[in-house]
Amino acid sequence: MGSVFRSEEMCLVQLFFQTETAYCCVNELGELGLVQFRDLNPGIIAFQRKFVNEVRRCDEMERILRFLEKEITKANIPIIRSAGNDKAPCPRDVIELETAFEKLEKELKEINTNQEALKNNCLELTELKFLLQITEDFFEEAESQLSGSELPSEESVSVTGFSRRHSSTSGGGPLKLGFVAGVIKRERFPAFERLLWRICHGNIVLRHEEINIPVEDRMADEFVTKEVFLIFFQGELFKSKVRKICDGFHATVYPCPETLHERMEMSVGVNMRIADIYMVLDQTEKHRKDLLLSAAKDVHKWNVKVKKMKAIYYTLNLCNIDITQKCLIAEIWCPVTDLKKVHYTLTKESVQNGSIMPPILNRIETNQTPPTFNKTNTFTAGFQNIVDAYGVGNYREVNPAPYSIITFPFIFAIMFGDCGHGLIMAIMALGMILYEKHHRNVDMNNEILSILCHGRYIILLMGLFSIYTGLIYNDCFSKTFNLFGSAWNVRAMFQPNGPWSNETLQKSAILQLNPAVLGAFSGKPYPFGIDPIWNIAVNKLTFLNSYKMKMSVILGVIHMLFGVMLSLLNHIYFKEFNNIFLEFIPEVIFLIALFGYLVFLIIFKWCIFTVMESEIAPSILVHFINMLMFNYSGPAMTPFYCKQRSVQTFLVLIALLAVPWMLFIKPYLLYSDQQRTKHEFSFGDTFVQQAIHTIEYCLGCVSNTASYLRLWALSLAHAELSEVLWHMVLHNGFTANKGLSSVGLTITFAAFAVLSVAILLVMEGLSAFLHALRLHWWVHKNKCKL
């Protein structure tokens, strides 16, 4: 069997190449994707290896790239994905790349620091602007209140707190009030006000007003609510207390001039400084954006290069250094068929880098089990990933991926049998294939888009197979095709040949076609698929239930038997002839004797009993259950053929005989072999393992056959959902009493299209995909013993 259907034959190879060319050689071997390096220094700690400093340099460059990606994402700039295969940089280019990264990081950090300082400065000036404006409004209001009287009273002074007004105290001397102006966050103000009142014992006057200050990022439409406050007091003692309370609540205190002229000059200066800062912020933001736009074009390519470079140094740390310190020794697992390609690659890199000593390649004989390697291409990679997700097989075992290329989309299509929906799926996948270069730039951090892009060939085959099964079901958006003409003729049921008349049509709600009437049934099946007349039949669901359920059982048994046959190929290849006679043969006997016979009964009934005899045909399920129970009495046990009882008894007996055959003979033979050779052997462990395998296989044949009935259930569910969607949306739009306008029909069809894609293509498609995956993982693969 070729390597396509079996994992590659691997060999262990020892390499000798100069240290100066080791980087380039490992880089090219990595691009080939054919080799796997062995660790020749398993006991050495990571930081004691030779190329640990280079790995740390790569870690530092990855840190810088993560910082750049974070800044680019924060600026809402899309990262451009490189379309080509970016190779690792040469060793001489690493220093230049590292310098460029450090320069870019330093420049970006300086811009961020300066921008942050400018924003903070702008915020303070904006608060000061509001404070000056509100303070001036307050003083103007106080002056207007005092203008009505020639001499201010003590009450007016205490209430307004106007610092430029003087009044007489009880001692007759002048009184001048000081004040503090500042800004505090809105949520802190109530506690701030209470503490001021308690500490100062009410000997202050507090005035405040709410303002909305923009957040630090002035490009955002968000605001922070703050309070501007004015606190009037007398004496230095209260001034000290007020200052300490402001510091405790992180309130910002701003210097506010006492005279109107000074406040106006400060306000003009503040506005000019704010305008200047806005201009500098615009220029800084523009420079920062240009810098990030330039980096966004290359950051993905840089990431790939750094990761490859780190992987190269990690691989070089797996190698040994010879005594002369000039040559690296490596051991690799390599496919035997690609030894020449590996040697040619090493020689080419050595010549290009001016190596004095050509690389030496020696094949080593070893008893170690090589790793499993399966060659893939763009088409087979998706199916190989599906198989490997269940588990990677042992070395040189049969690779089920090539068979899954047919079985997986076919089993999916049985549950998704609609040629209309399959056509849409195939067109979508074909578009992704034709525009393959374009979707490489799709953000692969989006898991859904990544799965769709990498599984485009799987989706294409699922769509094509769904078209085929849809034609078999004669189902396209719940409607049928009449391409070859129905085998049933309704006209033949009317008089004079048949019993029907016009009066029969008027009185009967349901009419039944009688195949015994001459000309009503041609006796020939519909050439391809299901006869379209079943689409209008009342018993359509009953017929499709029987048809799809039996078809699911037939395909399920065939699929399980195919898995058992694959295990035979492994037994033959590894020369495990005992397993052929002690496991494979009893497994096949058990499966065919019971469930193979069930398939025989289904096909036999289809072939022997005609349409006229369908009502009197025996029940397959009743016969099969009674066969296992050795019950052959009762009116329902009309035999299918002569000698049926003897045949069924014989099949059940050999199926029962296969169970002890699998359970006891293999452990006994292994125990006998141990007695002759005196090898260490645990009979108990072997017997328990064989018992688990036997029970799992026998019960699995029963449960797995029932598990394939999901093909029938999901197929019916898809067909019924499609029919419900047609009748509830599009059919109602076409058959409305007053009729719909062109706009109404357009809206109706748009709703039908959206619901079809969302429910039938996406949800039902995902459900069918997962069930097909389960049937391949838990039903098929355990029969292959993979």
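**Entry 1: Glu71**

I started at Glu71, which has its place in helix α2 (residues 52–74). I looked up its cover and found a relative accessible area of 6%. Buried means under 20%, so Glu71 counts as buried. Next I listed what touches Glu71, leaving aside its neighbours within four places in sequence. The contacts are Leu108, Asn112, Arg288 and Leu292.

**Entry 2: the chain as a whole**

I noted that this is a predicted model, and I checked the confidence before going on. The mean pLDDT of the protein chain is 84, and 90% of its residues reach 70 or more. Over residues 149–173 the pLDDT stays under 50, and the model has 42 contacts beyond four places in sequence for them. Residues 217–221 also have pLDDT below 50, with five contacts beyond near neighbours in sequence. I wrote a reminder beside this: where pLDDT is low, the predicted coordinates should not be read in detail.

I then took the totals. The protein chain has 22 helices and nine strands. Of its 786 residues, 42% are buried. The accessible surface comes to about 43400 Å², and 61% of this belongs to carbon and sulfur atoms. For contacts between residues at least 6 apart in sequence, I found that 78% join residues at least 24 apart.

**Entry 3: strand β3**

I asked how many of the eight residues of β3 are buried. Six are, so I put down β3 (residues 178–185) as mostly covered. β3 pairs with strand β6 (residues 252–254) in the antiparallel sense, over three bridges. I looked up Ala181 and found that its bridge partner in β6 is Tyr254.

**Entry 4: salt bridges**

The structure holds 22 salt bridges. I looked at several of them.

In the pair of Asp39 and Arg49, the closest N and O atoms are 3.3 Å apart. Both residues are in the loop between β2 (36–37) and α2, ten residues apart. Asp39 is partly exposed at 31% relative accessibility, whereas Arg49 is buried at 15%.

Arg263 and Glu136 form another salt bridge, with 2.7 Å between the closest N and O atoms. Why did I note that this pair ties together separate parts of the sequence? Arg263 lies in helix α7 (residues 260–296) and Glu136 in helix α3, so the parts tied together are 127 residues apart in sequence. Arg263 is buried, with a relative accessible area of 2%. Glu136 counts as buried too, at 14%. I then found a network: salt bridges that share partners join Glu60, Arg63, Glu105 and Lys109.

Glu105 is buried at 8% relative accessibility. Lys109 is partly exposed at 40%.

**Entry 5: a patch on the surface**

Last, I looked up a nonpolar patch on the surface. Tyr468, Leu471, Phe481, Leu483, Phe484 and Phe528 form it, with about 580 Å² of accessible area together. I picked out Phe481, found in the loop between α14 (456–473) and α15 (502–507).

How values were computed: Residues are numbered from 1 along each chain as its sequence is written. This is a predicted model: local features need pLDDT of at least 70, side-chain atom pairs count only at pLDDT 80 or more; totals for chains, interfaces and linings use all residues. Side-chain values use heavy atoms; hydrogens and water are left out. Patches are made of residues with over 30% relative accessible area and no salt bridge: like charges are joined within 9 Å, nonpolar side chains (Val, Leu, Ile, Met, Phe, Trp, Tyr) within 5 Å. Accessible areas come from the Shrake-Rupley method with a 1.4 Å probe; for residues, only the protein chains shown count as cover. A salt bridge is a side-chain nitrogen of Lys or Arg within 4 Å of a carboxyl oxygen of Asp or Glu. Helices (H or I, at least four residues) and strands (E, at least two) are DSSP runs, numbered from the N terminus. Buried means under 20% relative accessible area, exposed over 50%, partly exposed in between (1.4 Å probe, protein chains only). Contact means heavy atoms within 4.5 Å. pLDDT is the predictor's confidence in each residue, from 0 to 100. Two strands pair if DSSP finds at least two bridges between them.
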